[in-house]
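Please read it alongside the sequence and the model.

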Amino acid sequence: MLHEILLSLSGHPSPLLRNDYADSTAQSVVSSPERQLLKTAGHLSHLHCELIGYTAHISASHPSVICRAVSTAINSTYLAAFQRKVLEVEDNVLRKDASLVGAYNIVPLTAVIGEFTGWTRRMEWLWDLVQFISTEKERSPCRAAQLINKLRHELQTGYADIGETASSLVKVAETAWLKQVSAWVLYGRIPVLGDKDFFIQKNEDDELGFSIEHNLLPTFVTSSTAASMLFIGASLNRVKTRSSIDPGNTGLDHLSSQLQTLSNLTSPLNSTAFSRAITSIRLTLSRTTLQKLLPLSKVLEMLTLLRGFFLLGRGEFAMALTQQADEAIRSRWRRADNLAYQKQYGIGNVTVKEGEVAAVLTKTWAVLGSMQGQHAEEDDELEIARDLLRLNLSKTKASTPVKGRVGIDHQSPSGVVDTPFRNLLFSVPVILTSQIPAPLDLFLTASDVQAYTSINSYLLSIRRSHLHLTDLWKITSLRRHHPPPPRPPYSTTKSGIARTRTLHQRWSVRSSAMRSTWSTSSAAIFFLAETEAYLQIEVVEGLWEDFHGWLTGGGDRDKEHGRSSSSFNSHSSNAANDAADRDDVQNNHGEPVHRAQNSKTTHHDPQTLAAAHRLYLRSLTRRLLLTQASFTNSLYDLLVHVDHLVALVHRLHGIWTSMDLEADEGVVDAFSDLSAEEADVRVHIRDVEARVKKGVESVVGILRNLSMDSAFMAEIEDGDAAEDGDDDGGLGLGSGVGDKADDGEEGTRYTPRRTGGIDRLLMKLDFGGWFDAGKAAHGDGDGDGDADDEF
């Protein structure tokens with residue numbers, strides 16, 4: 001019987017231990033204590049047999065390499081140790097060891113079963129673990145992350161033997177997992193074995209070509225660390241692709257030091273230590289390989305281009321683009337009128353085509369080139385912009401949703417609300433975009449370009465309306481006596497006096513009719529000018545100076561952080577200094593970059609650059625009020641009314657010109673009723689004037705409400721710092737990125753400077769009693785009186 005028990009415990013099922021001995025004959029032979037001891041032995045035998053079968057099946061067929069490794073470790077370590085224990089007990093019995101064999105060579109069953117007392121709880125725990133690995137949840141096998149998380153959780157048990165077993169299995173699982181990680185972070189390859197179980201997967205829809213599956217990520221890996229690993233592997237893939245062009249730059253240098261960094265990690269892996277190791281590998285890659293692939297001069301060159309053309313730093317580009325777009329619209333309508341007159345189906349030709357939009361940008365480049373002059377120095381930035389920028393028709397009227405990198409940031413980096421500002425340039429959705437040449441795609445993504453596109457449509461719409469309103473003052477015949485009165489000696493004759501009187505009466509009537517129009521236009525110009533000055537000088541230029549200073553390691557940045565950026569002169573001087581910095585960077589491609597890479601310059605790796613750039617964009621859109629739908633919708637309505645007012649004024653000018661030709665020269669248009677058209681246009685002008693005034697009042701009112709909204713002001717003032725900490729996983733700012741403790745001398749974390757302030761804009765938008773006077777005049781029934789002169 002003793003031999004049968006030991007044989008059964010060693011993994012061979014025995015009917016002796018499967019019998020419950022419940023019948024009377026068995027009870028008379030086997031006592032109750034012996035039945036309990038046999039039951040314990042049978043339970044251990046059953047667990048051992050089941051573990052042998054299950055672990056063999058898992059090790060042979062489970063799709064997860066980590067699960068296979070843990071299963072193999074259970075079999076080779078603990079089941080083998082249990083069998084050795086069985087052999088040890090058998091050896092002690094055969095040698096008649098006094099600890100087991102008593103007098104008359106009697107071996108107590110209690111002593112034999114007592115030798116396996118410490119194994120019962122451990123075998124039960126191993127059986128639960130094997131069942132956890134074998135069980136499929138929602139038709140999905142156990143994943144490596146789930147197993148590692150469970151084993152790490154079991155480390156907190158109060159039993160020493162279970163804790164020891166869990167610790168050894170955690171070491172096995174994490175070692176196997178680190179081998180997969182090393183293949184990715186050192187060579188840029190997804191592991192061949194267990195690729196479906198690895199947390200980084202190929203994704204053709206993602207900008208990097210890879211994405212993070214967060215359900216395959218162990219809990220001790222933070223989102224920022226996972227983002228760093230994704231960046232490292234994706235960068236190595238790009239370097240390998242580029243190595244076909246540059247064979248000396250394979251990105252596989254310093255492998256020994258990086259392998260040593262990973263091998264120094266101890267199990268169980270600590271989240272902070274693992275993050276520091278990944279950060280060290282990323283910075284090593286940045287210093288050795290990516291520094292050559294993506295120097296600071298290229299980064300500054302691209303960012304300066306985005307600042308100049310998307311954020312309207314080069315005002316001549318916005319002016320030329322607006323003029324060429326207006327000319328294209330006018331020529332298209334003239335062509336449609338001619339076709340309608342000739343063939344009667346010209347309305348279908350009014351649709352804007354992609355080629356027309358591209359031609360407008362081409363003409364804009366020609367205009368900008370002609371502005372340089374014959375002997376001017378070549379503008380490298382303009383040539384780069386000519387190659388990269390594109391003006392395209394948008395497929396949707398709403399703002400294109402900003403698509404972040406999968407696994408890095410599932411939210412828009414800018415948070416721009418859906419606004420139809422892109423409809424204003426051509427009356428159809430048109431956007432300015434940019435191609436992202438390699439290797440700039442290491443830190444600049446398509447989602448960033450889409451954010452710049454939304455900001456460009458917003459700023460360009462304001463600039464366009466401002467230009468259209470100021471162009472009204474260029475219509476000389478509306479502001480002065482036209483045609484002028486006759487000169488002597490004809491003016492002294494009766495016919496000359498009559499002619500002068502007629503022209504004077506005509507001018508008086510038209511001047512009176514246009515008085516409220518000029519007043520409303522002046523108020524709108526004042527509003528647009530102050531708003532544009534605030535957005536461009538206080539916000540865009542202030543944040544750009546701060547971000548540029550962080551990039552180049554400007555020494556005065558910390559001092560400027562606490563200062564307000566309201567002074568135009570200070571902005572101008574700082575902009576001049578930044579321009580000198582850019583000249584140093586752009587004019588010395590083959591020499592060390594001055595003031596940008598000196599001994600005090602901090603070098604930022606591409607992931608830190610990308611994270612800081614997204615933070616800069618998010619802060620920019622928030623301070624431009626592009627995250628407030630109430631403001632953007634009201635402003636868009638106002639700009640539409642301004643365009644309507646400008647169109648009606650031009651229409652009225654054309655009618656008056658035709659009436660003058662008819663009265664003075666006898667040129668009669670038999671198909672037009674000029675008087676009725678004039679009356680109709682003047683009525684529409686009065687209606688649009690009221691809408692413009694209400695639009696200005698509405699936008700100013702919304703600005704006042706926002707200035708008193710504590711939640712919005714807190715978001716403006718403290719939102720960047722809060723999101724900087726909360727969104728580390730999305731932006732890669734965590735795990736010490738930019739922290740001196742981890743980066744050494746690699747740089748400091750970027751924090752946007754507090755700039756702008758709605759109160760500063762509201763102090764300038766003081767219209768006096770213009771709004772109240774207009775309401776009072778409307779109540780008195782005198783819409784054309786002197787109420788508009790209050791402004």
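The points below cover the chain as a whole, confidence, aromatic contacts and backbone features.

This is a predicted model, in which local features need pLDDT of at least 70 and side-chain atom pairs count only at pLDDT 80 or more, while totals for chains, interfaces and linings use all residues. Residues are numbered from 1 along each chain as its sequence is written, and side-chain values use heavy atoms, with hydrogens and water left out.

**Overall build**

- The chain has 29 helices and four strands; helices (H or I, at least four residues) and strands (E, at least two) are DSSP runs, numbered from the N terminus.
- Of its 791 residues, 50% count as buried, where buried means under 20% relative accessible area, exposed over 50%, and partly exposed in between (1.4 Å probe, protein chains only).
- Among contacts between residues at least 6 apart in sequence, 78% join residues at least 24 apart; a contact means heavy atoms within 4.5 Å.

**Confidence**

- The mean pLDDT (the predictor's confidence in each residue, from 0 to 100) is 78 for the chain, and 77% of the residues reach 70 or more.
- Residues 396-413 have pLDDT below 50, and this stretch has 57 contacts in the model beyond near neighbours in sequence.
- Residues 725-747 also have pLDDT below 50, with 57 contacts beyond near neighbours in sequence.

**Aromatic pairs**

- The structure holds 20 aromatic pairs; rings of Phe, Tyr and Trp (its six-membered ring) pair if their centres lie within 6.5 Å, and planes under 30 degrees apart count as stacked, over 60 as edge-to-face and the rest as tilted.
- W177 and F220 form an edge-to-face pair, because their ring centres are 5.4 Å apart and their planes stand at 75°.
- W177 lies in helix 9 (residues 160-187) and F220 in the loop between strand 2 (210-212) and helix 10 (223-243), so this pair ties together parts that are 43 residues apart in sequence.
- W177 is buried at 2% relative accessibility, and F220 is buried with a relative accessible area of 4%.
- F220 also pairs edge-to-face with F274, because the ring centres are 5.8 Å apart and the planes stand at 80°.
- A cluster linked by ring pairs comprises W177, F198, F199, F220 and F274.

**Charges over rings**

- R122 lies over the face of W119, 5.2 Å from the ring centre; a charge sits over a ring if NZ of Lys or CZ of Arg is within 6 Å of the ring centre and within 35 degrees of the ring normal.
- The charged end of K150 sits over the ring of F132, 5.2 Å from its centre.

**Backbone features**

- S267 and P268 are joined by a cis peptide bond with omega of about -5°, and P268 lies in the loop between helix 11 (255-263) and helix 12.
- L312 is not a glycine, yet its phi is positive, near 60°. L312 sits in the loop between helix 13 (296-310) and helix 14 (315-343) and is buried, with a relative accessible area of 3%.
- L625, also not a glycine, has a positive phi of about 65°. L625 lies in the loop between helix 22 (606-623) and helix 23 (629-665) and counts as buried at 2% relative accessibility.
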